[in-house]
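Here is a short briefing to read alongside the model.

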Amino acid sequence: MDSYTINMESNGILIFTINRPEKRNAVDYKVMDGLLEAIKLCEDDKVKALAVTGTGKAFCSGGDLSIFHGLITAEEARGMLSKMAGILYRLMMLPKPTVAVLNGTAVGGGCELASACDFRIAKRGAKAGFIQAGLGITTGWGGGTILLERLPAPKALSMLADGMILSSEELENIGFIDRVFDGGPANACNAFLENILKKDTDVLKAYKNILIRKWVSSSVKERIEEEVNQCAILWESDAHHQKVAEFFNKK
Ligand SMILES: CC[C@@H](C(=O)O)C(=O)SCCNC(=O)CCNC(=O)[C@H](O)C(C)(C)COP(=O)(O)OP(=O)(O)OC[C@H]1O[C@@H](n2cnc3c(N)ncnc32)[C@H](O)[C@@H]1OP(=O)(O)O
């Protein structure tokens, strides 16, 4: 089974779907490469917007712990964190509208992936939370820096530091989710983007470029690199490795 699919819809939406439902769509290196492939495909003028979603009952459960648990030292973790942070930076800076379609649960790095998109819509009943703090680390893919660009600081900081998993309605109240939908993710995504898709691609790019210029001038890239380093240092702590071991021992 492929770890991801990429589909071009006739209305101009390129849909990237993580297809690892048996691991709740955890991100491994193949998924990272798939995201890069989708970002590259967005250079085509036919693509007006990018949607990111997941198969099954989860959107994304963050990094694949069965693989990344093997990264012990800060140096080992830094390579993986830095790779995904670079991808999320490119996703954030994509000069086209992007939407994360939360078909279900998003935790940890799954929330970082969602944050890197311009918009987030969630199926009613979906839950999401930046659970990293409870694992003895911070966000390590740049998601903390990105979230602080999306939400007012107190809201972003409470999501990050509380590390709570919130309901779709709570996430909408806090401003993390732009719309809660009922029914299928594909229809919801089309409906959410309907008016945007009617506009000229150059207009959409111009608006996105206003944001991109702001992020470049406020050194988002450098701030993300600092976040990666900070997380790498916490990663090698016994507290972190113990928490991950506890997740697997719960079975
Ligand atoms: C590493 C990068 C870092 C960052 O920088 O942000 C992070 O992402 S830290 C966060 C890492 N993620 C987690 O800690 C989440 C772990 N998963 C869960 O808490 C739960 O699975 C869930 C996402 C809330 C879903 O719960 P539920 O629907 O009840 O499913 P199960 O728990 O029974 O899981 C089913 C199946 O999937 C495997 N699984 C789930 N998440 C991951 C993961 N992140 N990595 C690897 N495998 C994962 C889980 O082990 C189960 O497998 P089986 O027992 O073999 O069926």
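Helices (H or I, at least four residues) and strands (E, at least two) are DSSP runs, numbered from the N terminus. With that naming, Y29 belongs to helix α1. This is a predicted model, in which local features need pLDDT of at least 70 and side-chain atom pairs count only at pLDDT 80 or more, while totals for chains, interfaces and linings use all residues. Residues are numbered from 1 along each chain as its sequence is written.

**Around the ligand**

- The shell around the ligand holds 24 residues, and G62, G63, G108, G109 and G140 come nearest; a residue is near a molecule or strand if its C-beta atom, placed from the backbone, lies within 6 Å of it.
- Two or more shell residues come from each of α2 (65-68), β6 (105-107) and α4 (109-115).
- Helix α2 gives the largest share, 3 residues.
- By class, the shell has 9 nonpolar, 10 polar and 5 charged residues. Here Ala, Val, Leu, Ile, Met, Phe, Trp, Tyr, Cys and Pro count as nonpolar, Asp, Glu, Lys and Arg as charged, and the others, Gly among them, as polar.

- Two packed helices are described by the angle between their axes and the distance between the axes. Axes are lines fitted to C-alpha atoms, for helices over the stretch in contact, and angles run from 0 to 180 degrees between N-to-C directions.
- Helix α1 (residues 29-41) packs on helix α3 (residues 74-92) at about 25°, and their axes are 10 Å apart.
- The pair α1 and α3 is therefore roughly parallel; angles under 35 degrees count as roughly parallel, over 145 as roughly antiparallel, 65 to 115 as roughly perpendicular and the rest as oblique.
- α1 and α3 cross in a left-handed way. A crossing is left-handed if the near helix is turned anticlockwise from the far one by less than a right angle, and right-handed if clockwise.
- On the α1 side, M32, L35, L36 and I39 meet K83, M84, I87, R90 and L91 of α3, where contact between two residues requires their C-beta atoms, placed from the backbone, to lie within 7 Å.
- This contact of α1 with α3 has 7 nonpolar, no polar and 2 charged residues.
- The axes of α3 and α10 (220-235) cross at roughly 150° and come within 9 Å. That makes these two helices, α3 and α10, roughly antiparallel.
- The crossing of α3 and α10 is right-handed.
- A74, A77, R78, L81, S82, A85 and Y89 of α3 meet K221, I224, V228, C231, A232, I233 and W235 of α10. The contact of α3 with α10 divides into 11 nonpolar, 1 polar and 2 charged residues.

**Helices α5 and α6**

- Helix α5 (residues 143-150) and helix α6 (residues 153-162) pack at about 150°, with axes 8 Å apart, and their crossing is right-handed.
- G144, L147 and L148 in α5 meet A153, A156, M159 and L160 in α6. That contact of α5 with α6 has 6 nonpolar, 1 polar and no charged residues.
- G143, G144, T145, I146 and L147 of α5 are buried. A residue is buried if 20 or more other C-beta atoms lie within 10 Å of its own, exposed if 12 or fewer, and partly exposed in between, with C-beta atoms placed from the backbone.
- The buried residues of α5 pack against α3, α4, α6 and α10.

**Single residues to look at**

- Y29 is partly exposed, with 14 other C-beta atoms within 10 Å. Y29 and A49 are 20 residues apart in sequence, and their C-alpha atoms are 24 Å apart in space.
- N25, in the loop between β2 (13-18) and α1, is not a glycine but has a positive phi of about 60°. N25 counts as buried because it has 30 C-beta neighbours inside 10 Å.
- S219 is another residue other than glycine with a positive phi, near 55°, and its place is the loop between α9 (201-217) and α10. S219 counts as exposed because it has 12 C-beta neighbours inside 10 Å.
- D118 sits in the loop between α4 and β7 (119-123) and is buried, with 20 other C-beta atoms within 10 Å.
- Leaving aside neighbours within four places in sequence, D118 is in contact with P97, T98 and V99.
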